[in-house]
Every structure is written in C-alpha cells, then in structure tokens.
Amino acid sequence: VEVAKFISREFLDGVDLLHGCSEHMLDALSVMLLEVTFAPEEFLFRTGETASEMYFIISGSVEEVLETPEGEIVDETKRVHHTIGGIACFFGLRHFHSARASKLSGTSCFRLLRDQFFDMLKLYPLDEEVLAQNAMRSFDHVKNRAGSRRSGSKSGGSVTSSKTGKSDDKVSSMNPTSVAPGSNDDGVSDKTKDKKSKDDDNGGDAEIDTAGGGESADASDADSDGLGA
C-alpha cells in the first residue's frame with residue numbers, strides 16, 4: 001500500500017477528472033491503479049467497445065481517433081495527467097471513439113477498472129458528485145468539438161470536418177442526460193404533458209362557454225327587440 005501511494009498518489013493530484021476530490025478518496029484510489037504500457041500505435045480500446053476501464057496518462061501521449069468509412073481521423077491528442085475513456089466509463093456507455101498510443105513514443109498509463117472504482121465510490125458519495133460534474137464538463141467539451149466539426153462540414157469546411165459528420169452524430173446521441181427519468185423520448189415529462197392537456201381542456205371549455213354566452217346575449221337582444229316592438 002505504501003509503495004502504491006508513493007508511486008501514484010502524488011500523480012493523482014494532477015489528473016483532470018479527479019480535480020476537487022478529497023484526500024481520503026484519492027488515497028483509496030491510489031492502491032487500485034495498475035501501470036500498463038502500450039507500444040506505438042497500439043490501441044487502448046476501439047469505438048463501440050464496452051467501457052469497463054479508464055486510463056490516466058503517465059507518459060507519452062494518446063490519440064483519440066474517429067473511425068469513419070473514409071478512414072481514421074485523429075480528433076485530439078491527450079497527454080500527461082489526461083484521462084482516456086473516462087466519460088464512457090463513468091456513465092456506463094460504449095466508447096464513442098478509439099484511443100491509440102502515439103506513433104512516436106507510445107504511452108504508459110495507470111489503468112482503473114470500473115467495477116472496483118464504483119465499489120470504492122460507495123464510501124465517498126460527495127466525491128462521486130464531484131466526479132460526475134467533472135465528467136459532464138469533459139462531455140460538454142466533446143459535444144462542442146463535435147458541433148464545431150458539423151458547422152465546418154455544412155459550411156463547406158475542410159475534408160476532415162466532412163468526414164467526421166457521422167461520428168459527430170454518434171457523440172451527440174450518447175448524451176447521458178438527454179432523457180431524464182420519468183420523461184418521454186422527446187424529453188418532456190409526463191407530468192408536464194398532463195398539465196398541458198388539462199390546460200387545453202379548460203381552455204376549450206372557456207371558449208365553448210364564451211361562445212354560449214354570446215349566443216345567450218344575442219337571444220336576449222332578440223327578445224328585447226321583440227318586447228320593444
């Protein structure tokens with residue numbers, strides 16, 4: 001345990017996903033990490049695979065790769081202290097891009113298994129909330145990049161942008177907050193729809209009453225005219 005802390009504990013302070021987490025949680029996390037090395041151009045994982053683990057880069061760099069029918073496109077390069085596969089792993093998604101070690105230097109990473117990670121987080125609920133916020137910020141960054149690529153493609157941008165159109169849609173469709181619990185596919189809750197339906201019914205009754213009132217008024221006017229005559 002002490003050796004693990006010495007090797008990985010200080011490193012964890014700089015990991016993007018773990019910013020704001022408590023010292024106790026980081027201490028517990030440090031003994032769960034396994035150092036792994038990937039040769040140049042070796043894949044850490046591929047698009048569509050189940051995210052059962054995440055990686056923290058110790059050295060070298062990792063390319064996030066979009067695999068399209070036209071070929072592989074390097075979307076972004078991650079370096080030391082960056083997390084690889086963290087969004088998909090945290091939210092229980094499939095990977096929406098591939099990750100490949102740099103062709104120049106390869107990479108060394110700490111690997112964290114998802115099952116062990118979440119078992120440990122049960123003891124640190126406040127830290128789990130911090131991690132969720134960090135993961136959402138990272139996801140927003142991914143969505144913004146995808147939106148920029150789509151805009152470039154629609155406006156006749158570069159070939160790279162047009163190639164990533166299909167993958168961009170895949171990223172957007174994996175929004176972990178796209179449909180809230182108790183909502184329909186359109187994102188509108190059943191309660192909201194019921195309230196709107198009732199309002200529509202009341203509005204319809206009001207129109208009928210108003211129309212009826214108008215007819216009564218016309219009839220009264222007609223009676224008055226008849227009596228006057």
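Visitor: How does the lining of the largest pocket split by class?
Guide: There are 7 nonpolar, 10 polar and 5 charged residues in that lining. Nonpolar covers Ala, Val, Leu, Ile, Met, Phe, Trp, Tyr, Cys and Pro, charged covers Asp, Glu, Lys and Arg, and the others, Gly among them, are polar. This is a predicted model: local features need pLDDT of at least 70 and side-chain atom pairs pLDDT 80 or more, while totals for chains, interfaces and linings use all residues. Residues are numbered from 1 along each chain as its sequence is written, and side-chain values use heavy atoms, without hydrogens or water.

Visitor: Which residues lie nearest the centre of the largest pocket?
Guide: D16, K78, T83, I87 and S138 do, out of 22 lining residues. A pocket here is an open set of points on a 1 Å grid over the protein atoms alone, where a 1.4 Å probe fits, with protein on both sides within 12 Å along at least five of seven lines; lining residues have an atom within 4 Å of a point.

Visitor: And which elements give two or more residues to the lining?
Guide: Those are β5 (71-78), α3 (86-91) and α5 (125-154). Helices (H or I, at least four residues) and strands (E, at least two) are DSSP runs, numbered from the N terminus.

Visitor: Which of them gives the most?
Guide: α5 does, with 6 residues.

Visitor: New topic. In what order do the 4 strands of the open sheet come?
Guide: The order is β1-β8-β3-β6, and the pairing is antiparallel. Strands pair if DSSP finds at least two bridges between them.

Visitor: Why is one side of β1 and of β6 left without a neighbour in the sheet?
Guide: Both β1 and β6 (83-84) stand at the edges and have a single partner strand each, so one side of each has no neighbour in the sheet.

Visitor: How many bridges join β3 to β6?
Guide: The two strands run antiparallel and are joined by 2 bridges. Y55 is the residue opposite I84 of β6. β3 also pairs with strand β8 (residues 107-113), in the antiparallel sense, over 7 bridges. There, M54 stands opposite L112 in β8.

Visitor: What about β7? Which way do its residues point?
Guide: In β7 (residues 98-101), S98 and R100 point one way, A99 and A101 point the other way, and all are buried. Buried means under 20% relative accessible area, exposed over 50%, partly exposed in between (1.4 Å probe, protein chains only).

Visitor: How many bridges join β4 to β7?
Guide: β4 (residues 62-68) and β7 run antiparallel, with 4 bridges between them. V65 has S98 of β7 as its bridge partner. Strand β2 (residues 43-45) is paired with β7 as well, again antiparallel, over 2 bridges. On that side F45 is bridged to A99.

Visitor: Moving on to rings. How many aromatic pairs are in the whole structure?
Guide: The search finds 6. One of them is F38 with Y55, an edge-to-face pair with 5.7 Å between the centres and 80 degrees between the planes. Rings of Phe, Tyr and Trp (its six-membered ring) pair with centres within 6.5 Å; planes under 30 degrees apart are stacked, over 60 edge-to-face and the rest tilted.

Visitor: Where in the chain do F38 and Y55 sit?
Guide: F38 is in strand β1 (residues 34-38) and Y55 is in strand β3 (residues 53-60), so the pair links distant parts of the chain, 17 residues apart. F38 counts as buried because its relative accessibility is 10%, and Y55 is buried too, at 2%.

Visitor: And why is the pair of F117 and F118 edge-to-face?
Guide: The planes of F117 and F118 are at 70 degrees, with the ring centres 5.7 Å apart, so the pair is edge-to-face. F117 is buried, at 1% relative accessibility. Both rings belong to one aromatic cluster formed by F90, F91, F117 and F118.

Visitor: Last one: what is the phi of E41, and where is its place?
Guide: E41 is not a glycine, yet has a positive phi of about 70 degrees. E41 is placed in the loop between β1 and β2 and is partly exposed, at 47% relative accessibility.

Visitor: Then what about H81?
Guide: H81 is not a glycine either, and its phi is positive, about 80 degrees. The loop between β5 and β6 holds H81, which is partly exposed with a relative accessible area of 28%.
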